[in-house]
Amino acid sequence: MTPPLLVGRGDLVEDFGASLDDGPGAPGRATLYTGARGVGKTVMLNQAEEQARRRGWLVISETATPGLVDRLTREHLPLLLHEHRDPPARRRLSGGSVAGVSVSWTDVADDRPEDGLRRQLEELTGILADHGTGLLISVDEMHRRRSGDLRELGAVVQHAFREERELAFVGAGLPAAVSDLLSDDVVTFLRRADRHVLGPVSLDDVAEAIRVPVEESGRSIGDEQCRTAAAATGGYPFLIQLVGHNVWRRHPDREHITAEDVADGVAAARRRIGSLVLEPSLADLSQIDRSFLVAMAVDDGPSRIGDVARRLGVNGTYASQYRLRLINAELVEPAGYGRLDFTMPYLREYLREHAASMVVPPRER
């Protein structure tokens with residue numbers, strides 16, 4: 001869900017809106033957002049869609065699940081064409097009028113043969129261009145497993161760009177998934193898309209994101225309590241919403257949010273982030289990937305690669321392979337020469353609590 005106050009992403013939102021204003025050929029008319037779970041990728045898609053709607057554009061909002069192209073050609077585009085074609089749909093009498101009984105009418109379905117994706121997009125963008133507007137296609141959770149549909153969509157979008165049609169595309173996905181997709185030779189237009197890797201938000205912005213909605217709702221929170229709540233999020237956008245929600249609901253009938261409310265709300269948010277974000281993030285990994293993370297979680301701060309390799313009983317070359325995999329997955333990041341640290345708040349604590357079920361001794365290669 002889009003939060004009450006979006007912070008730390010204003011420039012990106014404005015950049016996308018400007019690309020719609022700049023016309024065909026603007027780089028931002030194909031935009032990709034990547035980042036770990038919970039960094040606000042879907043929120044950015046929501047914001048891009050809102051920028052389009054404010055300008056009178058039509059929006060198709062989809063997810064890269066099986067049947068994406070079929071849904072576009074059989075549901076979204078036919079409906080929009082039906083609504084915007086000129087002349088409007090024909091109607092037929094479907095009820096009579098006898099002794100006060102009202103007359104009713106029913107739209108007659110368009111009897112033209114169903115066109116393919118390219119033809120439908122060409123017709124719709126042509127209609128919209130005549131009215132000074134365009135079409136935005138938004139696709140969430142992009143992944144190479146859906147590359148067949150994305151190839152077809154990408155080829156059509158790329159052709160529309162070449163024809164300078166009023167069309168824009170915005171997509172989102174996990175870093176490793178988008179990286180795999182960009183290596184596909186067929187989905188070439190995505191390589192030229194504006195790509196934004198979403199990371200943490202500054203703690204000053206987080207404090208504002210917590211304080212402003214509280215005050216706009218008629219309650220108050222002290223500066224110290226606000227800083228404590230902000231620090232607990234680690235700048236992680238999903239935690240901003242989760243901490244804010246749980247702090248608010250401790251005693252919603254009280255005017256002032258106390259230090260106790262903040263402490264209880266933070267504790268509740270930490271419990272929830274495990275099942276909502278951390279567990280799904282780890283589920284995508286191999287057992288050896290998870291063992292590597294558990295070996296890192298032994299340390300209270302950044303881990304030395306050599307120490308992790310020793311704990312796993314493997315050589316440095318073997319450990320480096322998994323280091324790169326986990327960096328690409330946005331779960332760890334370099335923290336100085338030969339060191340790694342976790343990117344997601346509370347991942348270290350979660351791994352420590354669940355270590356017994358995650359560790360599998362790897363074999364050296």
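Colleague: What share of the contacts with a separation of 6 or more comes from residues 24 or more positions apart?

Modeller: In the protein chain that share is 72%, where contact means heavy atoms within 4.5 Å. This is a predicted model, in which local features need pLDDT of at least 70, side-chain atom pairs count only at pLDDT 80 or more, and totals for chains, interfaces and linings use all residues. Residues are numbered from 1 along each chain as its sequence is written, and side-chain values use heavy atoms, with hydrogens and water left out.

Colleague: How many helices and strands does the protein chain have?

Modeller: There are 14 helices and twelve strands, taken as DSSP runs numbered from the N terminus (helices H or I, at least four residues; strands E, at least two).

Colleague: At what angle do H8 and H10 pack?

Modeller: Helix H8 (residues 223-233) and helix H10 (residues 259-283) pack at about 10 degrees with axes 9 Å apart, the axes being lines fitted to C-alpha atoms over the stretch in contact and the angles running from 0 to 180 degrees between N-to-C directions. The two helices are therefore roughly parallel, a term for angles under 35 degrees.

Colleague: Which residues make that contact?

Modeller: Gln225, Thr228, Ala229 and Ala232 contribute from H8, and Ala259, Val262 and Val266 from H10.

Colleague: Switching to Arg227, is that residue buried or exposed?

Modeller: Arg227, which lies in helix H8, counts as exposed because its relative accessibility is 53%; exposed means over 50%, buried under 20% and partly exposed in between, with a 1.4 Å probe and protein chains only.

Conventions: Angles under 35 degrees count as roughly parallel, over 145 as roughly antiparallel, 65 to 115 as roughly perpendicular and the rest as oblique.
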